[in-house]
Amino acid sequence: MSDNGWPADRIDTENAHSARIYDYILGGKDFYPADKEAGDAMAREWPALPVHMRANRDWMNRAVRWLAEEAGMRQFLDIGTGIPTSPNLHEIAQSVAPESRVVYVDNDPIVLTLSQGLLSSTPEGKTAYIEADFQDPEAVLNSPEFRETLDLGKPVALTVIAIVHFVLDEDDAVGIVRRLLEPLPSGSYLAMTIGTAEFAPQEVGRVAREYAARNMPMRLRTIDEAHEFFEGLDLAEPGIVQVHKWHPDGTGEQGIRDEDIAMYGAVARKP
């Protein structure tokens, strides 16, 4: 059993997992040999992979801070949370507004076993964790944690970061995001990063093949396809851009080349 009572045998340690590969490449500690092998193989194919992944993480920090400071968001629904890495989303939001409330969602048992790192809320705010699959939005929206933590009479920021490139066309990633947005009131926001191969097609294509070889096929999208997620929403400036170009704060973007980044990022308001 894990420390919090969940069956340890639910965690597949034999096969690489995208969240653990991400953790490994970012210098974390919650990975297994299969994840290290995969991450090393991918970085050999595209040496900029660690730069790209760090830029995605930095984008999350900036976007959440912007949502809290500039847009006044006090409620967040984070889909595909991944392994806790400080600062977590609630730590950023609550550093701006201690009363912020956050619901985290992931379907990887290892995230659940480490979820205490996601539940260390301020006394004024609240955090909750839902074990559910992004591709089953009803499981998220109908969960007691969702209904008890977030007030749907007030705006909610929906964050979908570095996940839709693992959703293939037949599973309708755009439709899933729209269903999650549907019950959120006017004034809510959608913040997303969306994988693309438009800036380093050969290198990113080789990384995608490494993922696919480990049963993690990818659907990388063009800028026009990225726009589909935001139809009917009001994009905040500067629109959909590579993550290192979205509200840079000078702390991590210096020296990053466009071809080092395979992720678009954007934030948009629901009218």
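Modeller: A salt bridge here is a side-chain nitrogen of Lys or Arg within 4 Å of a carboxyl oxygen of Asp or Glu. The model is predicted, so local features need pLDDT of at least 70 and side-chain atom pairs count only at pLDDT 80 or more, while totals for chains, interfaces and linings use all residues. Residues are numbered from 1 along each chain as its sequence is written, and side-chain values use heavy atoms, with hydrogens and water left out.

By this rule there are 16 salt bridges. One of them joins D35 and R20, at 2.6 Å from N to O. D35 belongs to helix α2 and R20 to helix α1, so the pair ties together parts 15 residues apart in sequence; helices are DSSP runs of H or I with at least four residues, strands are E runs of at least two, and both are numbered from the N terminus. Both D35 and R20 are buried, meaning under 20% relative accessible area, with exposed being over 50% and partly exposed in between (1.4 Å probe, protein chains only).

The setting of R20 is helix α1, residues 18–25. Of the 8 residues in α1, 7 are buried, so this helix is largely enclosed by the rest of the structure. Besides R20, the buried set holds S18, A19, I21, D23, Y24 and I25. These buried residues pack against α2 (33–45), α3, α5 (109–113) and α9 (201–213), where contact means heavy atoms within 4.5 Å. Just after α1, G27 has a positive phi of about 90°.

Another salt bridge pairs E210 with R214, the closest N and O atoms being 2.7 Å apart. E210 counts as buried at 18% relative accessibility, and R214 is likewise buried, with a relative accessible area of 18%. E37 joins E210 and R214 in a network of salt bridges.

R74 and E99 also meet through their side chains, at 3.3 Å from N to O. This pair links distant parts of the chain, 25 residues apart: R74 is in the loop between α3 and β1, and E99 in the loop between α4 and β2. R74 is partly exposed at 30% relative accessibility, and E99 is partly exposed as well, at 39%.
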